[in-house]
Amino acid sequence: MPNQDRLVKTLIDLIRIDSPSGEEDAMDREVSSRLETLGLKVSHDSYQNVIAKLDGNGPPVILSAHLDTVEPGRGIKPILEGDVLRSDGSTILGGDCKAGVAIVLEGIASALESGGGNRAIEVIFSRHEEGGLVGAHNLDFSMISGKEGIVFDAEGAPNRVTISAPSQNVVTAHITGRAAHAGVEPEKGVSALLIAADILGKLPLGRIDEETTANVGRLEGGLKRNIIPESAFLDGEFRSRSNEKLADVERKFRGVFDEVASRYPDAKIDLDITNTYQAYHVDQTSPAVAVIGQALAGMGLDPVFESTGGGSDANVFIERGITAIPVGIGVRDFHTTWETVLIPELFQGAQMCQGVVSGAK
Ligand SMILES: [Zn+2]
């Protein structure tokens, strides 16, 4: 049985270590030392992702989470009120993904303490997951031999199993018009902001259908009130669980940019659309689902299969032939200052992880 007090203390200790994306060193040192104390052999790939192994029965099962958090994520003050952990409201909590890391540490610890033997395991704690799955993309897969596992990085209870997730394409555009004095000779100017607004008004945005979304999250440009804005920058994305629909949205985006560009021959529009991760669909009968299902069955829980609109390291793992599936880690409201961890679900996560490590039948 996991030790709930130890689990919660671990989580609070980890949350108190700042680790916004790109600044994971302190968090790395802490979890590496904890994994070594548990008896795992800890190594790093060239991107400094943490890869830790423990010998045991059968082919290794992968237990994964990420070390980084989004912002505002510095000087977080976790507050425990009854069964709910939250921040003081000025920062995120960082339960995403420190609840996942704490679950893995406690799951392993309690499985080893129970003394009934354990499966071989490979722990992957990635860096820079937020904003591009950078650590996973740079992971040295030659250091990993497991073919299935769990990514502890989804919202809700641990029996929420994410078997389908979208592809994401990132859209950036640099628009260059021509500056001119707004009061003296505005007719000589070409407003990059006006072009950007024209584009923005025509793009298909928001929820396009049940499995497809699009967004422009940032538009900036211009210098001063009295200058026709010469440059603008637009930063967006679209996602779909269907690659056909993804391609369709891309065609529509390109069509809008082309059409607007044709009406502003004096402007330059540099459009870039890049795929950042691929959609996946895992069959409910796959062995990886069975590993999770058995552990949940040992707790009297049934899996609830989910499709998500978000990406995770699982997108990259699955693309690389490792069926690692995201499960809930007791966190609500990821990436907000009102993010919470529900302790009973956190505990269930550790119980589930223990079941997997013990090789629950
Ligand atoms: Zn996360």
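Modeller: The largest nonpolar core comprises 78 residues, and Leu35, Leu63 and Phe125 have the most contacts inside it. Such a core is a set of buried Ala, Val, Leu, Ile, Met, Phe, Trp, Tyr and Cys residues joined through side-chain atoms within 4.5 Å. Buried denotes under 20% relative accessible area, exposed over 50%, and partly exposed the range in between (1.4 Å probe, protein chains only). This is a predicted model, in which local features need pLDDT of at least 70 and side-chain atom pairs count only at pLDDT 80 or more, whereas totals for chains, interfaces and linings use all residues. Residues are numbered from 1 along each chain as its sequence is written, and side-chain values rest on heavy atoms, with hydrogens and water left out.

Helix α3 (residues 95-114) gives the most to this core, namely 9 residues. Helices (H or I, at least four residues) and strands (E, at least two) are DSSP runs, numbered from the N terminus. Leucine 63 illustrates the packing: beyond its neighbours within four places in sequence, leucine 63 is in contact with Val104, Ile108, Ile121, Glu122, Val123, Ile124, Ile150, Phe152, Cys353, Val356 and Val357. Contact here means heavy atoms within 4.5 Å. Apart from this core lies another, of 23 residues, including Ala192, Leu203, Phe238 and Ala267.

In the protein as a whole, buried residues make up 51% of the 361 residues. Of the contacts with a separation of 6 or more, 79% are between residues 24 or more positions apart. The protein has 9 helices and 17 strands.

The protein donors of the zinc ion are His66 (NE2), Asp96 (OD), Asp153 (OD) and Asp153 (OD), at 2.0 to 2.7 Å from it. Donors are N, O and S atoms within 2.8 Å of the metal (3.2 Å for Na, K and Ca), and sites may look incomplete because water is not among the atoms. Histidine 66 belongs to strand β3 (residues 57-66) and aspartate 153 to strand β7 (residues 148-155), so this pair links distant parts of the chain, 87 residues apart. Histidine 66 and aspartate 153 are both buried. The angles among the 4 donor atoms run from 51 to 140°, and the site is irregular. Four donors count as tetrahedral if all angles lie between 85 and 135 degrees; four count as square planar and six as octahedral if opposite donors are over 155 degrees apart and all others between 65 and 115; anything else is irregular.

The peptide bond from aspartate 96 to cysteine 97 is cis, with omega near 10°, and cysteine 97 lies in helix α3. A cis peptide bond also joins glutamate 71 and proline 72, with omega about -5°; proline 72 is in the loop between β3 and β4 (79-81). Most residues other than glycine have a negative phi, and most peptide bonds are trans. Leucine 133 has a positive phi, near 55°, and is buried because its relative accessible area is 3%. Its place is the loop between β6 and α4.

Aromatic rings form 2 pairs in the structure. Phenylalanine 141 and phenylalanine 317 are arranged edge-to-face, 6.2 Å centre to centre and with 80° between the planes. Rings of Phe, Tyr and Trp (its six-membered ring) pair if their centres lie within 6.5 Å; planes under 30 degrees apart count as stacked, over 60 as edge-to-face and the rest as tilted. Phenylalanine 141 sits in the loop between α4 (134-137) and β7, and phenylalanine 317 in helix α8 (residues 313-319), 176 residues away in the chain. Both phenylalanine 141 and phenylalanine 317 are buried. The other pair, phenylalanine 238 with phenylalanine 253, is tilted, at 4.9 Å centre to centre and 50° between the planes. Phenylalanine 238 lies in strand β12 and phenylalanine 253 in helix α6 (residues 243-263), 15 residues apart; phenylalanine 238 and phenylalanine 253 are both buried.

Strand β12 (residues 231-240) in turn runs antiparallel to strand β9 (residues 167-176), joined by 10 bridges. Strands pair if DSSP finds at least two bridges between them. Threonine 176 stands opposite serine 231 in β12. β9 also pairs in the antiparallel sense with strand β13 (residues 268-277), over 9 bridges, and histidine 174 stands opposite aspartate 270 in β13.
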